[in-house]
Amino acid sequence: RSTQSRSSAASVCIRDSGKLAGFYAHEERERHTAISGVYVLPAFRQYGVCPFMLEDMLRSFPTVRMVTSNPRLIAMLDERGFHRLSRRGSYITMEN
């Protein structure tokens, strides 16, 4: 039986006004960083918060993996060269 060390954290994106605009959680795994809970508050969805957070993820972690059913996020991941690992129903697992 092998044990795997993992660490979890939440990252936040704050707009200039100091208000919380969006967040995501990440968990360090052996070969990749699993991203979950990518969320942008409705009032900030037209201000480029999600692309900013995605660029932050790519700068912060060498290999990013996430599962999503959000068509806009899937399109952003496609644009940044992520490849699709698997699909379960409407959920797609993607990795850079």
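The following legends describe views of a predicted model of a protein.

**Figure 1. Overall fold of the predicted model.**
The protein contains 2 helices and 6 strands. Read from the N terminus, its elements follow the order β-β-β-α-β-α-β-β. The C-alpha trace extends over about 50 × 25 × 20 Å along the principal axes. Among contacts with a separation of 6 or more, 38% join residues 24 or more positions apart.

**Figure 2. Strand S6 and its pairing with strand S4.**
Strand S6 comprises residues 91-95. This strand is mostly covered, with 4 of its 5 residues buried. Strand S4, formed by residues 64-68, pairs with S6 in the antiparallel sense, and 4 bridges connect the two. Within this pairing, Thr 68 stands opposite Ile 92 of S6.

His 83 has Glu 95 in S6 as its bridge partner. S5 and S6 form a hairpin in which 2 residues lie between the strands. In the turn, Gly 89 adopts a positive phi of about 65°.

**Figure 3. The largest pocket and the residues at its centre.**
The largest pocket has a volume of about 440 Å³. Its lining consists of 20 residues, of which Val 38, Val 40, Cys 50, Asn 70 and Leu 73 are the closest to the centre of the pocket. Grouped by class, the lining comprises 12 nonpolar, 6 polar and 2 charged residues.

**Figure 4. Elements that supply the lining of the largest pocket.**
Four elements each provide at least two lining residues: strand S3 (33-40), helix H1 (49-60), strand S4 and helix H2 (71-79). The contribution of S3 is the greatest, at 6 residues.

Note on methods:
Residues numbered from 1 in each chain as written. Predicted model: local features only at pLDDT ≥ 70, side-chain atom pairs only at ≥ 80, totals over all residues. Heavy atoms only, no water. Buried < 20%, exposed > 50% of the residue type's maximum accessible area, 1.4 Å probe, protein only. Pairing = 2+ DSSP bridges. 1 Å grid on protein atoms, 1.4 Å probe; cavity = no way out; pocket = protein on both sides within 12 Å on 5 of 7 lines; lining within 4 Å. Points joined across faces, edges and corners; volume = space filled by probe spheres on them. Nonpolar A, V, L, I, M, F, W, Y, C, P; charged D, E, K, R; others polar. Contact = heavy atoms within 4.5 Å.
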